[in-house]
Amino acid sequence: MRRAPRRLTYAAGLAALEGLALLVGGVWMLVLGLTGQPADRQQAVTGGVTLAVLALLPLLAARGLLGRRGWSRGPAVITQLLALPVAYNLLQSDSVAIPAGIVLAVVAVTALVLLLNPETTRALGIRGPGNAGR
């Protein structure tokens, strides 16, 4: 089996990085919700569990990309498209969240460029409209 193109490997790495960040954030919220004194314990626990579950999408996509599975590009692209409004909201804040918004925006745009690159598309065996028979 041929080695995956670098663009595909980089896209998988970025998706995995986002998945790990979501998982760490979810576990952090969950732990604080269970052990700390949050204003709303139920909201903290629910938010933590939600983030941890959402981490599965980019993590599964990253694994699929590394395995050169065509289905994996869809979840990876969806993850990036969902990250862009989050980055925008972080950039609108007046806090230390602005650098996080910059990083998230750069990662999301970079991953989108890598995922939509023709070399990546060919490596995943994805054919464009009208090319299904070829």
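Stop 1: Select the residues that line the largest pocket: they divide into 15 nonpolar, two polar and one charged. Here Ala, Val, Leu, Ile, Met, Phe, Trp, Tyr, Cys and Pro count as nonpolar, Asp, Glu, Lys and Arg as charged, and the others, Gly among them, as polar. This is a predicted model, in which local features need pLDDT of at least 70 and side-chain atom pairs count only at pLDDT 80 or more, while totals for chains, interfaces and linings use all residues. Residues are numbered from 1 along each chain as its sequence is written, and side-chain values use heavy atoms, without hydrogens and water.

The largest pocket holds about 530 Å³ of space. A pocket is an open set of points on a 1 Å grid over the protein atoms alone, where a 1.4 Å probe fits, with protein on both sides within 12 Å along at least five of seven lines; lining residues have an atom within 4 Å of a point. The volume is the space filled by probe spheres set on the points. Now pick Glu-18, Leu-22, Ala-83, Val-86 and Leu-104, the closest to the centre among the 18 lining residues.

Which helices each supply at least two residues of this lining? Helix 1 (6–35), helix 2 (41–54), helix 3 (56–66), helix 4 (73–91) and helix 5 (97–116) do. Helices are DSSP runs (H or I, at least four residues), numbered from the N terminus.

**Stop 2: the core.** Next, show Leu-8, Ala-11, Leu-14, Leu-65, Ala-76 and Leu-115, which have the most contacts inside the largest nonpolar core, a set of 16 residues. Such a core joins buried Ala, Val, Leu, Ile, Met, Phe, Trp, Tyr and Cys residues through side-chain atoms within 4.5 Å. Buried means under 20% relative accessible area, exposed over 50%, partly exposed in between (1.4 Å probe, protein chains only). Helix 5 gives the largest share of this core, five residues.

Zoom in on Leu-8. Leaving out residues up to four places away in sequence, Leu-8 touches Leu-65, Arg-68, Thr-120, Ala-123 and Leu-124. Contact means heavy atoms within 4.5 Å.

**Stop 3: Arg-68.** Arg-68 sits in the loop between helix 3 and helix 4. Its phi is positive, about 55 degrees, although Arg-68 is not a glycine. Most residues other than glycine have a negative phi. Is Arg-68 buried or exposed? Arg-68 is buried, because its relative accessible area is 16%.

**Stop 4: helix 4.** Colour the buried residues of helix 4, including Pro-75, Ala-76 and Val-77. Their cover includes helix 1, helix 3, helix 5 and helix 6 (118–123).
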